[in-house]
Amino acid sequence: MTKIIGLTGGIGSGKTTVAKQFIEAGIPVYIADEEAKKLLHQPEIISQIETNFGDSVLEDNQISRAKLAQVVFNNPEKLALLNSIIHPAVKKHFQQWLNEHQAFPYVVREAAILFESGTYHDCDLIISVIAPIEERISRVIQRDQVDRAAVLARINNQWTDEQRIAKSDFVIENVTPKNTERQVNEILKKLSIF
């Protein structure tokens, strides 16, 4: 049976960089955030979100992620409601994807909120990517064109590195590309006997 390797880390830690290295090594990688964005275009998801959040989150009959984010960002009840719609859809989609990749000894499931969503329970092993806080802030400011306060607010809504590390089998410290690649290769060697 195909094993599931969870890959997670805080915003700006470099999860995508690490995921790409696994892809380059021939390992199938499921990027949960990307798939969740695609699921927002499905008619049944649009309908559920419109029913629960109203048509103010729609733009041209599609979900406006920016408008939806404004509604849920500082409202834990609304965020929980949104997650109750999205998480089961992502879980179902991942299961279909996993079924299509049964020929592989293991696959990687990358998710920013692997622990927060409880998805880590479905993983056989977990890799956390960490990076110094100032490096993370700098990366996100540059990538998303947002200010420092916005990045810190997002960081504060996620688990800390310490919380993630305590529940992880492997930790990758993503500071320099060469060092990160070396750590990924070491993990790949260990996974080959997994």
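A contact is defined here as a pair of heavy atoms within 4.5 Å.

**Figure 1. Overall fold of the predicted model.** The structure shown is a predicted model. Among contacts in the protein with a separation of 6 or more, 70% are accounted for by residues 24 or more positions apart. The protein contains nine helices and seven strands. Its radius of gyration is 17 Å, close to the 16 Å given by the globule rule for 194 residues, so the protein is as compact as a globular protein of that length. Along the principal axes, the C-alpha atoms fill a box of roughly 50 × 40 × 25 Å.

**Figure 2. Surface and charge of the protein.** Of the 194 residues, 43% count as buried. The accessible surface comes to about 10,800 Å², and carbon and sulfur atoms contribute 51% of that area. The side chains include 22 positive and 25 negative ones. The centres of these two sets lie 3 Å apart.

**Figure 3. Strand β1 and its two parallel partners.** Strand β1 spans residues 3-9 and is mostly covered, with six of its seven residues buried. One partner is strand β5 (residues 106-110), which pairs with β1 in the parallel sense over five bridges. Within this pairing, K3 has Y106 of β5 as its bridge partner. Another partner is strand β6 (residues 125-130), which runs parallel to β1 and is joined to it by five bridges. On that side, I5 of the pairing stands opposite L125 in β6.

Figure 4. Although D60 is not a glycine, its phi is positive, at about 55 degrees. The relative accessible area of D60 is 73%. Because the threshold for an exposed residue is over 50%, D60 is classed as exposed.

Figure 5. Residue Q145 is found in the loop between helix α6 (133-144) and helix α7 (148-156). The phi of Q145 is near 55 degrees, which is a positive value in a residue other than glycine. With a relative accessible area of 67%, Q145 is exposed.

Terms used. Residues numbered from 1 in each chain as written. Predicted model: local features only at pLDDT ≥ 70, side-chain atom pairs only at ≥ 80, totals over all residues. Heavy atoms only, no water. Buried < 20%, exposed > 50% of the residue type's maximum accessible area, 1.4 Å probe, protein only. Helix = DSSP H or I, 4+ residues; strand = E, 2+ residues; numbered from the N terminus. Pairing = 2+ DSSP bridges. Rg over C-alpha atoms; globule rule 2.2 N^0.38 Å. Areas by Shrake-Rupley, 256 points an atom, 1.4 Å probe, with all protein chains shown as cover. Lys, Arg positive; Asp, Glu negative; His and termini not counted. Charge placed at Lys NZ, Arg CZ, Asp CG, Glu CD.
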